[in-house]
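Please examine the sequence and the three-dimensional structure shown below.

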Amino acid sequence: MAGDGLWYKDAVIYELHVRGFYDSDGNGAGEFRGLTLKLDYLSDLGVNALWLLPFYPSPLRDDGYDISDYTNIHPAYGTLDDFRMFLDESHRRGIRVITELVLNHTSDQHPWFQQARSSRENPRRDWYVWSDSVERYKQARIIFTDTELSNWAWDPVSKSYYWHRFFSHQPDLNFDNPAVREAAWEVMKFWFEMGVDGLRLDAVPYLVEREGTSCENLPETHDVLKYLRRRADETFSEKMFLAEANQWPRDVRQYFGDGDECHMAFHFPLMPRMFMAIRLEDRKPIVDIFQQTPEIPATCQWGIFLRNHDELTLEMVTDEERDYMYDEFARDTRAKLNLGIRRRLAPLMEGDRRRVELMNGLLMSMPGTPILYYGDEIGMGDNIYLGDRNGVRTPMQWNGGWNAGFSNADPEQLYSPIISNPVYGYQAVNVESQRRYDHSLLSWTKRLIRLRKSSRVFSRGTMEILKPQNHRVLAYIREFGNERVLVVSNLSSQAQAAELDLKRWKGSIPIEMFGGNLFPPIGDLPYLLTLGPYQFYWFRLRRL
């Protein structure tokens, strides 16, 4: 699996929850042995990197993001040996593995916090952020607006307040303390030495606090990341940091540093604007956010996605845009959570296969590394009647049989109910049935991934947005070396025509990539294309 070290640029990442993927021992929840048994499915799908949600020992009050031991496996998911076998089998298939590392906070059950709260004189006391008053850091916003009233929580043991940016059972670590930085590096080293290829660094904007600031994106936070990156580069090769920073592109740009902080970062603001563009039938939201996206270092890459394990976040939109998104995509108020919408891709697209395909066509052709959420390749649904964000974390639907083929357990034993409604239920939507015919969403997604991987123009190329008069059509040229690809997408529910100014590529012949068919050569006149509802084309531009 050697190369130029930039494997993450050419990756197609698949995000999954170990607990929700496959239960091999019949206890109602997935584990690493079950996941290992399904690696051939993932290899056949065409993905070449997996991103796993947290699997560490945890009280599971926040689905594992409340970690109580950084260097072990939750017993429900198996053992370290099970994890090693999974890692080896993934690598044998050319699949890299990216795991979560929640550095900002621990569980309040972590031994570090238990020691820190035990007395004000304890050596670990300064590993967390304490105060005798709630008046400090008042300019920091509250992130979980639905559940938390303050960023401070009272500790009755040590009779003082501790700082938490997320749930009150997740105290923040104090990264001003060199011992905490060293401990964070030791955790990274443990997993890198085991063979993990990348770490998704959760909630990185909040690592450091300073009075009189929002306690986000502070220079001292970047000092921490530069330190950790330097240690990683000194010791390992081809390892990757992926920053989770739900911020505007200009702020996220800082997390790349000069190529000496994170290798990748999520492009959060792009995602809601893709949904906005398809509902407005207008390219403007997408074009605007790309215009706000700065250049990044050559070794760095954006991570782009349609959906993930969290709500469709509306933090990085205007108040007016948020109201519009709620009106259009969350008419049932149960779909709302914090500043977002807790729904999967297919229900957000109202089950319209054409729109699902168009969204994936955009995802796979835009600059950045695409991330697929488990089950979206078959069009899985969600359950907004489950609490928190659990509605999009239901068991994978493998077949139309017992428990959707996910588990042999009694249905009551499952960690979560399976989706069983007539539209998205496992009898109608499952891997086994979609494998049987070439025109299923699963088969189509495999072809799309294969085409994406057929050219580095998608993973490494530049993007130039064209501006046809018809605002319902989004068109752009991707270019890398001598390769050029023209992407044209109709964002509308009606057929559209567009005239594209392509005279710079006069004489080139557009070859439609899905069928290999030749279109008329490009001349001096505007190039006329007609597209059906939600239709898109990828053309290789081949010189005569």
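The structure is a predicted model. Its chain is divided into domain 1 (7-104 + 177-442), domain 2 (111-163) and domain 3 (461-542). Between the C-alpha centres of domain 1 and domain 2 the distance is 29 Å. Their contact draws on 20 residues from domain 1 and 16 residues from domain 2.

The size of an interface is often expressed as the accessible area that is lost when the parts come together. For domain 1 and domain 2, about 1500 Å² is buried between them, with 52% of it on carbon and sulfur atoms. On the side of domain 1, Glu-209, Glu-211 and Asn-338 lose the most area to domain 2, and together they account for 32% of what that side buries. The two domains are also linked by 2 salt bridges and by 5 residue pairs in polar contact. Helix H6 (residues 178-194) contributes the most to the side of domain 1 that touches domain 2, namely 3 residues.

S12 is joined to S13 (residues 340-341) by 2 bridges, and Lys-336 stands opposite Ile-341 in S13.

Asn-104 lies in the loop between strand S3 (96-102) and helix H5 (111-118). Because its relative accessible area is 0%, Asn-104 is classed as buried. The side chain of Asn-104 makes a polar contact of 3.1 Å with that of His-105 and one of 3.2 Å with that of Asp-172.

Definitions and conventions: Residues are numbered from 1 along each chain as its sequence is written. This is a predicted model: local features need pLDDT of at least 70, side-chain atom pairs count only at pLDDT 80 or more; totals for chains, interfaces and linings use all residues. Side-chain values use heavy atoms; hydrogens and water are left out. Helices (H or I, at least four residues) and strands (E, at least two) are DSSP runs, numbered from the N terminus. Buried means under 20% relative accessible area, exposed over 50%, partly exposed in between (1.4 Å probe, protein chains only). A polar contact is a pair of N or O atoms within 3.5 Å; within protein, one must be able to donate a hydrogen and the other to accept it, and residues adjacent in sequence count only if both atoms are side-chain atoms. Two strands pair if DSSP finds at least two bridges between them. Domain bounds come from an automatic or database domain assignment. Contact means heavy atoms within 4.5 Å. Buried area is the accessible area (1.4 Å probe) that two parts lose on being put together, summed over both. A salt bridge is a side-chain nitrogen of Lys or Arg within 4 Å of a carboxyl oxygen of Asp or Glu.
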